[in-house]
Amino acid sequence: MAPAQIDAVSLAFKHNVLVITGGPGTGKTTIITTIIALCRRLRLQTDLAAPTGRAAKRMHEATGHPAKTLHRLLEFRFQQGGFQRNAQRPLSAKMIVVDEASMIDTALMHHLLQAVPPGAALVLVGDTHQLPSVGPGNVLSDIIASNCFTVVHLTEIFRQSKESRIIVNAHRICQGDMPEIAPRRQRTDFYFRDRETPEAALEFIVSLVSEHLPRLFGFHPRRDIQVLAPMHRGLAGAKNLNDVLQQELNPNETQLERGGSALKVGDKVMQVRNNYDKEVFNGDLGTVTKFDPVMKEMTIDFDGRAVVYEYGQLEEIALAYAISVHKSQGSEYPAVVMPLLTQHYMLLQRNLLYTAVTRGQKLVVLVGSRKALAMAVKNDKVQRRYSLLRQRLQELLP
């Protein structure tokens, strides 16, 4: 471990609140794994959590320690009126580690802090250069800016990560530099392909997902490749990409018409709101496996778990061959394909591009114009959020 990582592990056992922040490849997961291992050795009860189900699953796979969504950790029960873990019934863990903390909004952080027991340590791990939370506030950035708590800034990219052009280019984008584009025939994990018009970008993306990436890299077109779009509207927006990719990738003719779109057996779909009764959460990806026209039900497989929906509940489900970058937060995919065109100018921002690039594990392909790429890299003007959290924390200092 590097000195900064060792310091971070040590500080987690010395302070009640610790923030660990850094970009991809800087060793955040190694720190979490080491903290968990030490807690086991010391027989300290530990809770591991993240805002989304996919992020929690990644933590479990990386550490071997059970991880939950924050809503599940705090025992959200709709019928009982909300979170069951609170100041009157706090968590029992002595060490609480929360990953992807940049996604936590003001309300969820309030409920988390209410449930932290006296004397326990809270470790918040995240990347402030990603898109902020969908809900109100900018909690992680405000906590860091307040200078009220110990913060470890990880900046060193480790040797094995330096070999990944995805990680190197993510850091370049974060610093406001254009990503390095490999020569056309060079084998790498980060590509940019020039397509100036939405028509050309759409046609090329469809051929990438359906033919080129499966043939050249062995990716399954539905399971492994995720198209991330800056916007929903437009020819190269998420909605039209979904319609075209569904037609290309799923020839099944049996379909269910819902709200102007069709769902078929075999479709890649996403849960678009939290459903606590079904234990399926906003952003979870699944595959349609069965229709039952007699019972008016549809079955979706979420990571090996069959979940049944009545037809009246299908407004919670959307096609997910292409999704917005915002919906991808907290998730990673083997391969990411992203259209990047000047028509997307309203959303061409550095943190959106950075978030999209860092979702790719093995391959990222940007398709569009170099002008749009430059616009996104240069645009560091994010929408300001006024929560007064930083000022209120500073008022608590002696």
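Predicted model: local features only at pLDDT ≥ 70, side-chain atom pairs only at ≥ 80, totals over all residues.

What kind of link do the side chains of Arg58 and Glu332 meet in? The two side chains meet in a salt bridge, with 3.8 Å from N to O, where a salt bridge is defined as a side-chain nitrogen of Lys or Arg within 4 Å of a carboxyl oxygen of Asp or Glu. This pair links distant parts of the chain, since Arg58 belongs to helix H3 and Glu332 to the loop between strand S18 (322-324) and strand S19 (333-340), 274 residues apart. Helices (H or I, at least four residues) and strands (E, at least two) are DSSP runs, numbered from the N terminus.

Residues are numbered from 1 along each chain as its sequence is written, and side-chain values use heavy atoms, with hydrogens and water left out.

Side chains of opposite charge can pair when their charged atoms come close. By the rule given above, the count comes to 11 salt bridges. One of them joins Lys57 to Asp303, with the closest N and O atoms 3.3 Å apart; this pair, too, links distant parts of the chain, with Lys57 in helix H3 and Asp303 in the loop between strand S15 (297-302) and strand S16 (305-310), 246 residues apart. Asp303 is exposed, because its relative accessible area is 56%, while Lys57 counts as partly exposed at 37%; here buried means under 20% relative accessible area, exposed over 50%, and partly exposed in between (1.4 Å probe, protein chains only). Glu332, the partner of Arg58, is partly exposed as well, at 28% relative accessibility. A further salt bridge, between the side chains of Arg172 and Glu180, has an N to O distance of 3.7 Å, and its two residues are partly exposed, Arg172 with a relative accessible area of 26% and Glu180 with 35%. Salt bridges that share partners also join Arg58, Glu100 and Glu332 into one network.

Helix H3 (residues 53-63), which holds Lys57 and Arg58, also has a buried side, and the buried residues there are Ala55, Ala56, Met59 and Thr63. Seen down the helix axis, these buried residues fall within an arc of 100°, so they line one face of H3; the arc is that of the directions from the helix axis to the C-beta atoms. They pack against H2, strand S2 (46-50), strand S3 (68-69) and strand S6 (95-98), where contact means heavy atoms within 4.5 Å. H3 is followed by Gly64, whose phi is positive, near 80°.

Which residues of H2 are buried? They are Lys28, Ile31, Ile32, Ile35, Ile36 and Cys39, and because they fall within an arc of 135° seen down the axis of H2, they line one face of that helix. Helix H2 (residues 28-42) has 15 residues that should span 21 Å at 1.5 Å a residue, and its end C-alpha atoms are 21 Å apart, which agrees; the expected span is 1.5 Å times one less than the number of residues. Just after H2, Arg43 takes a positive phi of about 60°.

Gln5 is found in helix H1 and is buried, because its relative accessible area is 4%; leaving aside neighbours within four places in sequence, Gln5 is in contact with Thr26, Gly27, Thr30, Ile31 and Phe158. Asn275 lies in the loop between strand S13 (268-271) and strand S14 (285-292), counts as buried at 9% relative accessibility, and, with the neighbours within four places in sequence again left aside, is in contact with Val280 and Glu316.

At the surface, Glu203 in helix H9 (residues 198-217) is exposed, with a relative accessible area of 61%, and its C-alpha atom is separated by 9.4 Å from that of Ala236, 33 residues apart along the chain. Phe13, in the loop between helix H1 (3-12) and strand S1 (17-22), is partly exposed at 32%.
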